[in-house]
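Please look over the model below. My notes follow as numbered points.

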Amino acid sequence: MYKYDQYDHAMVRARVEDFRDQVRRRLAGQMTDDQFKPLRLKNGLYLQLHAYMLRVAIPYGTLNSTQMRKLAHIARTYDRGYGHFTTRQNLQYHWIKLEDAPNILGELAEVEMHAIQTSGESIRNISADHYAGAAADEIMDPRPWAETIRQMTTFMPEFSYLPRKFKIAVIAAEADRAALRWHDFALRIVKNDAGEVGFQVFAGGGMGRTPFIAYEIRPFLPTGQILSYLQAVLRVWNRHARRDNIHKQRMKILVHELGEEEFRRQVEEEFQHFLSLGEDFPQAEYDRIAAYFTPPPFEAGLPEEIDRTDPDFAVWVDQQIAAHKAPGYAIVNISLKPIQGIGGDISADQMDVVADLAERYSFDELRVAHTQNLVLPHVRKADLYAVWQSLRDAGLADANLDLVTDIIACPGLDYCTLANARSIPVAQKIADRFADPERQRDLGELKIKISGCINACGHHHAGHIGILGVDRKGTENYQLLLGGSGDETTSQAKITGPGFDEDGIVDAVERAVERYREVREPGERFLDTYRRVGMEGFKEAIYG
Amino acid sequence: MKILTGNDLKNGRVVWWDGQGWSIHVEDAVDVGDQADAILSREDAACRVNGGYAIDAEPDPSGRGVRPAHIKDRIRAYGPTVRPDLTLKPADPNAGTWVI
């Protein structure tokens, strides 16, 4: 993974000291809240319901064990012993004191971490396939490009005061594990007919109040031209963006209003201008960054067989393991969705366990998935049983990846100032309703995603079953949506009809799931059945 | 009735205006009548509380203190309903029902 050079260290440390001085001045009454707020947000520090919340950036979801142990240390020392992994592959602490924030950022800087660009009108943490560098189906590791774009754009003035936040994702496989087309700007690394590597470029996607699925705006972009192309996209957006209307500031609105063709035309025009300047980064710079992502020294000749004598272990293997590119290795998915737990939450002790496992069994690498789970990307199949035993002892061995209880849920009204309704209790009640492992496996892949407000941090637009919490005259109410997807067949979920109260939404979900069971054809997932029979086939079951 | 709330500047904790200063217990909140703007303006200048604002509340049915009208402020007063161990009343198993 990428290692800071002297310039990176100097920049991050300087930023910490800048913020330390800003906090000192705010606490001394030398700055108003209006003056201080944009400064703290630029350092990932929000004010939430119960305390300050610090969002720590985890670029493209990659961590090492030293960093994970530091996150555990911060959770113990400055927070309440836990952290929360987000749908943007970041980590949030929900109980931070302002007076501690500079020291926390200083501790993060020690392990090459920060909270820059986790808030504000900037290019947010660039996300990637959480199997990057390990997946059997990828063309190449997409993270060097994510890191290159991160370096190109961080602190670049033209990208620092954007009309609104801007989200980028990069993948390198046909399978989309990063909700690519739900991003403002998305890159899939592909090969053309000549065997050259380039980007398939998408733009104008996003969830929130007005969801749009990104259009493909270029089928093939030579990799070396990415900075010119990104500058062209942002220039068109900057030129037209409605900075006067918060509901129309995101780039997806512009792409929709200009139209796909006109947006593409204007981008291409600007692109030719930027190309003529010859300011794309040199290949040597990409090579320097890519060298940090050299694959680990995988052993040859390892056995493929897994001893499945222990039935609980066998169930876990079947659900939590993904195919690795290196023979004899596996990708391990660690569920953060225990039935009675809070999705994405992890205790400091569990962080230490995971860090130890990464160090001992996975070449010191960890990944955070946007689904609020963790990944050990490079585990020898022969070590899987030992890994499982450690995870089981730490309460991290649930076998529910992509099943009905592997629910994405935002923090909701239990923590978030923007939320209108609680998300976590609904997720817990649904998980409890479907807790029977055999029932979960019988239902197969079924992705439920819950947001506590229209901002859609819980990705409800992309849920096979989506749930949106709203405020109806001071009471929590939940809308049910069906048919969304964040994979390579991206689709937007549709509202079924009138909303439900907290218990009613759990019953409605169960009725939809039971209808699926009744009408599914062999091999069909919930989403496949929905796409075949349509909304009407489910509405009758849900509303009677 | 109108009560005032905000977050402590230093530690972010939820606080309630008790007539003299800021308390972490909603039970201590007092009706400020039509004085909300004046108090908030004064307190904003004192830099002790972030984002203070006035909310509607009613006398608590228990007879002690007040109950914010909106669930968001009741959750602010109590803590996250999914982590009773982190609330102000971790030993009271029924405290969470006050929120809903």
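How do H6(A) and H8(A) lie to each other?

1. H6(A) and H8(A) are oblique to each other (under 35 degrees is roughly parallel, over 145 roughly antiparallel, 65 to 115 roughly perpendicular, the rest oblique). The axes of H6 (residues 226-240) and H8 (residues 260-277) of chain A come within 8 Å and cross at roughly 130°. Axes are lines fitted to C-alpha atoms over the stretch in contact, and angles run from 0 to 180 degrees between N-to-C directions. Helices are DSSP runs of H or I, at least four residues; strands are runs of E, at least two; both are numbered from the N terminus.

2. This is a predicted model: local features need pLDDT of at least 70, side-chain atom pairs count only at pLDDT 80 or more, and totals for chains, interfaces and linings use all residues. Residues are numbered from 1 along each chain as its sequence is written, while chains are lettered from A and ligands numbered from 1 in the order written.

3. Helix H12 (residues 384-393) of chain A has Leu384(A), Val387(A), Trp388(A) and Leu391(A) as its buried residues (20 or more other C-beta atoms within 10 Å of the residue's own, C-beta atoms being placed from the backbone; 12 or fewer is exposed, in between partly exposed). Down the axis of H12(A), they fall within an arc of 100°, so they line one face. The arc is that of the directions from the helix axis to the C-beta atoms. Just after H12(A), Gly395(A) takes a positive phi of about 70°.

4. The contact takes 22 residues from chain A and 20 from chain B (C-beta atoms, placed from the backbone, within 7 Å). On the side of chain B that touches chain A, H2(B) gives the most, with four residues.

Conventions. Contact = placed C-beta atoms within 7 Å.
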